[in-house]
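Subject: Structure handover and notes

Hello,

Please find the structure below.

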Amino acid sequence: MRLTKNFTQREFRSKDGAKMPLDVLDNIKELACNLQVLRDLLGESIKINSGYRSEAHNKDVGGVKTSKHTKGLAADIRVKDLDTDDLYLLIESLINEGDMKEGGLGVYDTFVHYDIRGTRARWNYKKY
C-alpha cells in the first residue's frame, strides 16, 4: 500500500512479519507524511531501518517497553551519503519551521530516530 508519493507500508512493517494493527497503520501514515516533507527537500531516498515493531520484535531488539515504534509513531532512518549529524540538524530545522511534527529526535552512529509523539524529546547516542 502506498502511503505517500515515495513511501509504502511495506517499508514500515515489523521485521518479524507481525500484522500491523489498524490504529498503528493510521500512525504510520502520519509518520510517512512527515518523512515525505524531508524526502521532498532532500530529493534523495530515505531508508527506513526500523518502523513499526511488534511487542515481540521490540523485545527481541532490546527496545524499551514504551518504544514509540510499537505504536507506529517512530522510524529509524538514514540517507545515503548524508552524515547522521547533518540529517538530525535538517529534521530539527524542519520541525522548528513547522514543516514536520514536533516529537522525538535522536542521533546515533548509523541512523536518526524520528517520532511524532507531539512533544519535544532530544538525545544523542553517537560514539565520537
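This is a predicted model: local features need pLDDT of at least 70, side-chain atom pairs count only at pLDDT 80 or more; totals for chains, interfaces and linings use all residues.

Residues are numbered from 1 along each chain as its sequence is written, and side-chain values use heavy atoms, with hydrogens and water left out. Helices (H or I, at least four residues) and strands (E, at least two) are DSSP runs, numbered from the N terminus.

Nonpolar core

A nonpolar core here is a set of buried Ala, Val, Leu, Ile, Met, Phe, Trp, Tyr and Cys residues joined through side-chain atoms within 4.5 Å. Buried means under 20% relative accessible area, exposed means over 50%, and partly exposed is in between (1.4 Å probe, protein chains only). The largest such core has 29 residues, and Phe12, Leu35, Ile77, Ile91 and Tyr114 touch the most other members. Helix α1, strand β2 (74–78), α3, β3 and β4 each supply at least two residues of this core. The most comes from α1, with seven residues. For contact (heavy atoms within 4.5 Å), leucine 35 has Phe7, Phe12, Ile46, Ile48, Ala75, Ile77, Met100 and Tyr114 as partners, not counting residues up to four places away in sequence.

Salt bridges

A salt bridge is a side-chain nitrogen of Lys or Arg within 4 Å of a carboxyl oxygen of Asp or Glu. By this rule there are nine salt bridges.

- Lysine 5 pairs with aspartate 40, with the closest N and O atoms 3.3 Å apart. This pair links distant parts of the chain, since lysine 5 is in the segment before α1 (22–42) and aspartate 40 is in helix α1, 35 residues apart. Lysine 5 is exposed, at 59% relative accessible area, whereas aspartate 40 is partly exposed at 43%.
- Lysine 126 and aspartate 85 form a salt bridge with an N to O distance of 3.2 Å. Here lysine 126 is in the segment after β5 (121–124) and aspartate 85 in helix α3 (residues 84–96), 41 residues apart. Lysine 126 counts as buried, at 16% relative accessibility, and aspartate 85 is partly exposed at 24%.
- Glutamate 102 and arginine 122 meet at 2.7 Å, N to O. Glutamate 102 is in the loop between α3 and β3 (104–107) and arginine 122 in strand β5, so the pair ties together parts that are 20 residues apart in sequence. Glutamate 102 is partly exposed, at 24%, and arginine 122 is partly exposed at 22%.

A network of salt bridges links Glu92, Glu102, Arg120 and Arg122.

Largest pocket

On a 1 Å grid over the protein atoms alone, a pocket is an open set of points where a 1.4 Å probe fits, with protein on both sides within 12 Å along at least five of seven lines; lining residues have an atom within 4 Å of a point. The largest pocket has 20 lining residues, and Arg53, Gly63, Ser67, His69 and Tyr108 lie nearest its centre. Strands β1 (47–50) and β4 (112–115) each supply at least two residues of the lining.

Regards
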